[in-house]
Amino acid sequence: MQKIIELKNITKSFDGEVVLDRINLDIYDHEFLTLLGPSGCGKTTMLRLIGGFETPDEGEIVFLGETINDVPPHKRNVNTVFQKYALFPHLNVYENIAFPLREQKVARDEIDRRVKEMLSLVALNGFEKRNVTRLSGGQQQRVAIARALISHPRVLLLDEPLGALDLKLRKDMQTELKRIQQTTGITFVFVTHDQEEALSMSDTIVVMDGGRIQQIGSSIDIYNEPVNAFVADFIGESNIIDGVMLEDRRVRMSGHTFDCLDTGFERNEPVDVVVRPEDVDIVPPECGMLRGVVTSVTFMGVHYEIIVDINGFKWMIQTTDFVDVDERIGISLEPDAIHIMKKSEFSGMFGDYSSFSNEFDELNEPSPDAESEERG
Amino acid sequence: MSRAEKRQTAAAMQRAALAPYTVWAVVFIVVPLFFIAYYAFTDDNFAFTTRHIVRFFTATSEVVTDAGAVREVRTYLLIFFRSLKLAVISTIICLLMGYPFAYLISRASDRAQKTMITLIMVPMWMNFLIRTYAWMTILQDTGLINSLFGALRLPTVHIIGTEGAVVIGMVYDYLPYMILPIYSVMAKMDVKLLEAARDLGCSSAGVLRRVVLPLSMPGVISGITMVLIPSISTFYISQKLGNGKFYLIGDAIESQYAANNLHFAAAIAFIFMVILLAGMALMRRLTGQRIYGGA
Amino acid sequence: MKKTNRFSHLYTALIFAFLFAPIAILVVFSFNEAKSLSVFSRASVKWYRELFRDSVTLASLKNTLILAVAASLISTVMGTAAAVGINKLRRKWLSAAMDTVTNIPMVNPDIITGISLMLMFVFVGRFFGLATSLSFWTMLIAHITFCLPYVILQVLPKLRQMDPSLPEAAMDLGCTPMRAFFKAELPEIMPGVITGLIMAFTLSLDDFVISYFTQGNGFQTLPIRIYNMTKKTVTPKMYALATIIFFVILTLLLVTNLIGDEDAAPKKRKTRR
């Protein structure tokens with residue numbers, strides 16, 4: 001596959017704060033690539049750099065082999081779908097979509113043909129004369145997409161386009177976008193902070209935090225084999241426990257030795273152990289590999305969300321079996337339920353379910369003595 | 001009181017607060033306008049007459065052209081069209097000068113914008129009599145410009161007392177009123193729209209022409225209104241910069257007032273008001289219809 | 001657009017020069033020793049001294065200030081009350097009628113407003129057999145009339161932007177409707193009220209045409225005094241007056257600008273994504 005965009009050692013700061021830190025990324029032709037991360041991680045800046053609305057302080061942006069750092073947006077073969085659509089209020093649907101073609105002085109019947117083609121693609125036939133300000137969010141969204149695609153750019157940049165839509169419409173639009181991308185074969189670079197969205201739509205996900213790329217991979221890779229605690233916590237729910245890798249395929253955590261599948265670590269290397277809540281089996285306490293006391297049970301419809309205190313660390317378990325609060329239970333883990341990650345700067349920051357948010361974490365912050373008791 | 005009752009009482013009380021203003025507005029805004037009509041259509045004994053209205057249209061006087069010939073003209077019609085002409089010229093000049101200026105300011109940094117707008121407001125708040133007078137001294141035959149020209153050994157120019165001088169005065173006095181509404185609309189323009197236009201292939205000129213211009217139209221209309229109307233009705237500028245040679249509508253009204261011909265003054269004012277209303281209605285029809293198509 | 005920077009700077013500078021040149025000339029020549037307004041002889045402050053000895057001008061200044069303070073206060077109170085009421089109107093036609101009437105003094109040329117009021121006052125005066133129908137009071141009425149729309153224009157948007165649940169919360173917590181207004185709504189719209197007050201004040205200070213037509217009884221305001229001064233030959237004394245006015249206005253605007261900075265919208269935080 002051909003590389004269509006390469007970001008080489010890109011660094012960008014605003015007001016003295018580093019927003020992108022030596023980013024290297026290759027984007028391949030025809031792929032649906034998502035930049036995923038929390039607010040402030042740098043993903044939108046990266047998008048704007050590709051679009052030409054910002055210039056990097058250091059590094060190169062290469063498009064099909066040519067450096068385009070100094071090429072202005074209107075000369076790049078890249079188009080953007082803006083977060084709030086940025087439709088021109090003084091033009092109707094037809095004219096909004098035809099805008100780039102009119103700028104290129106394309107012939108009138110050619111414009112007509114292509115606009116109608118685009119309207120079909122986004123399922124807005126018959127909307128030509130409508131006033132864009134009176135369209136629904138989803139409709140405006142589709143006009144923005146049609147407008148961005150009509151001049152056949154090689155790459156389409158989408159800046160959190162589905163954020164303003166309600167849940168069901170968002171799901172439909174996700175399917176639509178995926179369909180359009182596959183039909184046209186255009187490379188999509190999609191920015192979002194919603195990990196479910198990323199998982200469902202992308203060929204490749206780039207997880208970012210603090211201006212750095214944390215992990216690049218397919219949805220399955222990222223979900224099953226997160227590379228550090230941040231990624232593990234950002235994607236889905238994870239229990240992240242301190243452990244020691246005794247040898248290949250054997251790890252000790254919380255006082256018990258488990259069989260697992262990972263290799264490549266040093267003997268007795270301290271590691272972060274990831275166990276997804278849905279992979280934990282509840283067994284009678286006597287049969288359990290670990291034992292603990294249930295502290296809360298919440299009915300979520302699809303499953304129960306159970307918080308268990310195991311040796312001072314709060315685990316989350318998702319199960320369809322009901323248990324009572326204050327019940328003593330045992331847990332059992334299959335080898336493939338355990339995923340080992342190297343220690344990183346994120347170790348210790350995530351994975352304990354005393355609380356879900358940062359704010360409450362700070363409220364619950366134990367004294368330094370208690371923390372060292374939790375380890376191992 | 002229940003919550004809903006309280007809310008309704010509050011609303012009713014607030015509506016009642018409108019009463020003083022309503023009375024005031026009727027008595028001091030609406031009724032006086034009828035007085036103009038009343039005086040316009042009556043004579044000194046307050047009997048009905050259309051004499052004054054007719055006089056506006058039929059009064060004639062003799063005018064000596066530059067060539068020395070003597071011509072008879074419809075006095076007040078001439079005055080009216082002259083006022084209109086000068087006002088239109090001034091408005092166009094204000095627009096041509098002000099539009100790019102407003103655009104450039106709106107592209108500057110936030111703080112620079114604030115400073116510049118404040119600076120523009122300074123001449124607005126300075127007494128316009130004084131500002132006009134200052135121009136008079138600049139444009140005099142013995143004024144600053146000619147002194148400057150003299151020092152540079154250029155021939156002296158006779159500007160004062162020409163229509164050009166009046167136009168300069170009007171442009172100077174009313175330029176800020178053109179700039180501010182246009183700037184206000186431009187400043188509120190969504191930056192993302194401009195980025196989108198560039199993203200889709202517009203050069204800077206294209207963005208200006210295809211996005212900024214159409215979207216700034218409401219500001220332009222506002223500015224035109226705020227310059228045109230005062231320009232037509234001014235009376236001081238023409239007196240001072242026109243050296244008393246050009247009578248404009250405002251001058252006509254003022255001089256009739258000074259001569260205590262209140263009824264004729266009212267007649268002129270009335271006709272002027274009617275024309276003004278007609279013009280505004282026309283503008284609203286023309287611009288109220290924004291069509292949502294077209295490149 | 002970096003390339004057009006130099007051109008745009010030049011253009012902007014030219015326009016500013018155009019706007020400020022006459023003012024600069026005013027200031028310079030106010031310090032002229034000679035009587036001339038176009039030939040500078042020597043620097044002197046004699047005209048300023050003359051200005052302060054000119055009792056007529058000083059009286060007119062006092063008159064102007066009294067008038068402006070009275071007109072702005074009254075129009076602000078009435079205008080704020082009006083805006084509050086307009087905000088709560090339910091019937092569309094009434095709202096529209098209010099809008100139109102309020103717009104009239106703003107759109108009408110000053111001369112029409114002035115003439116119309118003058119005619120009414122004269123007529124009423126004659127009707128009641130009064131000796132003079134125009135005086136300070138007629139001028140005050142006229143000033144209030146043209147200030148009101150601007151006050152309403154400043155206060156009404158603030159009312160509309162205000163969160164309606166604020167007074168409701170106040171009433172919920174035990175306030176009567178009246179107290180809820182003063183404790184919850186008024187503080188929220190205060191910036192608009194203050195701005196309206198300042199606008200009314202400056203409009204009244206600066207008005208010439210309407211004052212000219214509604215003046216009477218020898219009550220002169222500063223603009224009228226200036227007009228009369230310019231009917232005869234003008235000495236730099238008037239320029240001295242103008243210079244003082246200029247610096248007062250400049251200071252006023254700069255001050256309100258700085259205050260405005262505090263409750264201006266917070267600078268757009270550069271969002272980093």
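Trainee: How many Å separate the centres of domain 1 of chain C and domain 2 of chain C?
Mentor: This is a predicted model, in which local features need pLDDT of at least 70 and side-chain atom pairs count only at pLDDT 80 or more, while totals for chains, interfaces and linings use all residues. Residues are numbered from 1 along each chain as its sequence is written, and chains are lettered from A and ligands numbered from 1 in the order in which they are written. With bounds that come from an automatic or database domain assignment, chain C has domain 1 at 16-53 + 228-259 and domain 2 at 57-220. Taken over C-alpha atoms, the separation of their centres is 31 Å.

Trainee: How far apart do the C-alpha centres of domain 1 of chain A and domain 2 of chain A lie?
Mentor: Chain A is divided into domain 1, residues 3-222, and domain 2, residues 238-374. The distance between the C-alpha centres of these two domains of chain A is 39 Å.

Trainee: Which helix gives the most to the side of chain B that touches chain C?
Mentor: Counting two residues as in contact if their C-beta atoms, placed from the backbone, lie within 7 Å, 66 residues of chain B are in contact with 67 residues of chain C. Helices are DSSP runs of H or I with at least four residues, strands are runs of E with at least two, and both are numbered from the N terminus. With 13 residues, the element of chain B that gives the most to this side is helix 2 (residues 19-40).

Trainee: Is chain B a compact globule or more spread out?
Mentor: Chain B has 13 helices and 2 strands. The globule rule is 2.2 Å times the number of residues to the power 0.38, and the radius of gyration is taken over C-alpha atoms. Because the radius of gyration of chain B is 25 Å, well over the 19 Å that the rule gives for 295 residues, chain B is, relative to a compact globule, more spread out.

Trainee: At roughly what angle do the axes of helix 7 of chain C and helix 8 of chain C cross?
Mentor: In their contact, L166(C), P167(C), A170(C) and M171(C) of helix 7 meet residues of helix 8 including P177(C), F181(C) and E188(C). Axes are lines fitted to C-alpha atoms, for helices over the stretch in contact, and angles run from 0 to 180 degrees between N-to-C directions. The axes of helix 7 (residues 165-172) and helix 8 (residues 177-206) of chain C come within 9 Å, and their crossing angle is roughly 145°.
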